[in-house]
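Have the structure open while you read.

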There are 2 protein chains.
Amino acid sequence: MSGLPPTVAWSDDGRAVRIVDQRRLPAELAFLDLRTVDEVVNAIRTLAVRGAPAIGVAGAMGLAVALREREAGFAAHFEAAATAIARARPTAVNLPWAIARMRAAVASRLGEPASALRLLHDEAERIRAEDEAMCLAIGTHGLALLRDGMTLLTHCNAGALATAGIGTALAPVHLAARRGWRLHVYADETRPLLQGARLTMWELLHAGVQATLITDNMAAATLRDRGIEAVLVGADRICANGDVVNKVGTYGVALAAHAHGVPVYVLAPSSTVDPATARGADVHIEQRDGAEVTMPLGAAAAPAGAQAYNPAFDWTPARLVSAIVTDRGVHRPPYDFSRGVVATSST
Amino acid sequence: MSGLPPTVAWSDDGRAVRIVDQRRLPAELAFLDLRTVDEVVNAIRTLAVRGAPAIGVAGAMGLAVALREREAGFAAHFEAAATAIARARPTAVNLPWAIARMRAAVASRLGEPASALRLLHDEAERIRAEDEAMCLAIGTHGLALLRDGMTLLTHCNAGALATAGIGTALAPVHLAARRGWRLHVYADETRPLLQGARLTMWELLHAGVQATLITDNMAAATLRDRGIEAVLVGADRICANGDVVNKVGTYGVALAAHAHGVPVYVLAPSSTVDPATARGADVHIEQRDGAEVTMPLGAAAAPAGAQAYNPAFDWTPARLVSAIVTDRGVHRPPYDFSRGVVATSST
């Protein structure tokens, strides 16, 4: 990834978590060093770090650094910090999951601060490294579906900026770029929060990948008229039957891709697969504040008093998904994740 | 249309063209009285008045009022004014068409200013009244496709604000509202220029129609999950085979509607039908400045240097269009407009 710094990393002296401050993208690339619980919670809450995997990693690493020099009353400090960080964004599953791993790692050593700190650091580093490895595995499996010179389309940001590695949907794009492949990626801007315009475009430009921004409503005509050969998207949840819950707009893109015979590839960690949810229609879709719709980038577009509908996600039926790529391999239809993810041979 | 003023009208004293200043919508309803050629040209150029039918009407009426008290050298004044107004937005077909009608109306009377002024006023009023009647005819034919209590979806603004009457796609909605029908219209915001958020939402709220704004990428899930029973859109050009060129995003909405068995109705003046264009793929699609995509409402969303693709229109194949409604009636597939529009019995 020429020019693309890690989204979450240890600072040079190892005493802070250094994150890319995504609130300042795409205007400028700025870093934020997090040293205290308040700084960690604030960074997560204000979306300085976002993307479920990245939040989990930042929370775990933040917990490890924030407890330095807290030897007196260590167990109480740990409890307060772990609780505060786990609650920074209650809807992100990865965050409480990562903090639970941190709790388990030091459960028996809370009376020995020096030893506990070492264990916390090691567990946070494992979580970070696993995320990085997970991205690499997704990218490696996904790369087998692509070839040099392809034109692709993506939605939202399931990239390096959402993980501690090279991303999920964009992982094979980053690997391809490292190999010198010339890809061209059309990026949906992804209203209402414009993650495609703000983050995916920034990430691809900094990785040296040719990228072209479109508004979401141009996706159908772009799929037909601009030679798109594959759609790459991430997932927030994958149901037992292969239905995919992802950022709102994914469904419309999948319908249009299907109409033109363009394969839709969903790339996500195997932890995204939820065997307990039978199908997409069973998933409760989070409704967000209508102001995100009526006020793009904070400026009023609609008249005062205008009502808006603002589902954060939609679900795409498995029949529109050509392959699901996880760190365990490339999964092809008919999908059956009712007993979890079974590793596959690639392609 | 409770509360909805005419988009283009004569002022009370008949000496000016009074338009709704659409640059100030949706923040406030303000009117602009146009009395001179410069004022007319400026209003058209700066989008104070927009929508092909409304521009044609405003141009013709503007030409009639701007020549008052210009008796000395009338023919030269007329020539200069007609040329300037016809060129105010060269890509809008209705504008040169309306000015050509005005030319024909006074061609033999340019030496008699008083008589010419009367003829110009009468021809402009005919153009205005024909537009109003055209909208009413479209609305009446379209109303036969709807029923009380329906939930609809529309894209862009093909409403009263785009015509001198009650609009095209929204004409049956306005007629239904006058009858006391309770409709619920979901409006796509319609990036990049947000005509749905700014204009359709304003127009529907002022007409007392229940309206809900969505981002364009929510259309597919909304069509599936929110009980949409019909899609109403306008058209910029209708090809001989029934393919429809309209605001970008129409194609994706039509694909999603088709996938869910929701009828797609295209409502437009019969003058929109172009027998000389065989099919949608033959139409040259206007590409606009990428800054409209990278800078929503003028604020930077994408990183500096980001490339954007910005087609103003897309085309929807006739097979996705359930009916085409013109002032001549409801036209059903298979479409054949190769010899123009033949009047139909309604429904």
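Chain B and chain A bury about 4,000 Å² between them, and 68% of that area sits on carbon and sulfur atoms. Keep in mind that this is a predicted model. On the chain B side, B:Asn217, B:Arg224 and B:Tyr309 supply 18% of the area buried against chain A, more than any other three residues. Chain B puts 53 residues into the contact, and chain A puts in 53 residues too.

How do the two copies sit relative to each other? Turn chain B by 180°, with a shift of 0.0 Å along the axis, and it can be laid on chain A with an RMSD of 0.0 Å. The copies are therefore related as by a two-fold rotation axis. They also meet through the same surface, because 100% of the interface residues of chain B are interface residues in chain A as well.

Inside one chain there is another contact to look at. Chain A is assigned two domains: domain 1 covers 8–130 and domain 2 covers 136–331. Their C-alpha centres lie 27 Å apart. Domain 1 of chain A brings 13 residues to the contact, while domain 2 of chain A brings 8 residues. In domain 1 of chain A, the residues that lose the most area to domain 2 are A:Leu25, A:Pro26 and A:Arg50, together 43% of what that side buries.

Here are the two contacts side by side:

| Contact | Buried area | Share on carbon and sulfur atoms |

Now zoom in on helix 4 of chain B, residues 94–106. Its 13 residues reach 19 Å from the first C-alpha to the last, close to the 18 Å expected at 1.5 Å a residue. Which of its residues are buried? They are B:Leu95, B:Ala98, B:Ile99, B:Arg101, B:Met102 and B:Val106. These cover an arc of only 150° around the axis, so they lie on the same side of helix 4 of chain B. What covers them includes helix 1 (37–45), helix 2 (52–66), helix 3 (74–86) and helix 5 (113–143) of chain B.

One last stop is A:Ala323, in strand 14 (residues 323–326) of chain A. Is A:Ala323 buried or exposed? A:Ala323 is buried, with a relative accessible area of 0%. Beyond its neighbours within four places in sequence, its contacts include A:Val264, A:Tyr265, A:Val266 and A:Tyr335. The C-alpha atoms of A:Ala323 and A:Gly142 are separated by 9.6 Å, although these residues are 181 residues apart along the chain.

Terms used. Residues are numbered from 1 along each chain as its sequence is written. Chains are lettered from A and ligands numbered from 1 in the order in which they are written. This is a predicted model: local features need pLDDT of at least 70, side-chain atom pairs count only at pLDDT 80 or more; totals for chains, interfaces and linings use all residues. Side-chain values use heavy atoms; hydrogens and water are left out. Copies are superposed by least squares on the C-alpha atoms of residues with pLDDT of at least 70 in both. Contact means heavy atoms within 4.5 Å. Helices (H or I, at least four residues) and strands (E, at least two) are DSSP runs, numbered from the N terminus. The expected span of a helix is 1.5 Å times one less than its number of residues. Buried means under 20% relative accessible area, exposed over 50%, partly exposed in between (1.4 Å probe, protein chains only). The arc is that of the directions from the helix axis to the C-beta atoms. Domain bounds come from an automatic or database domain assignment. Buried area is the accessible area (1.4 Å probe) that two parts lose on being put together, summed over both.
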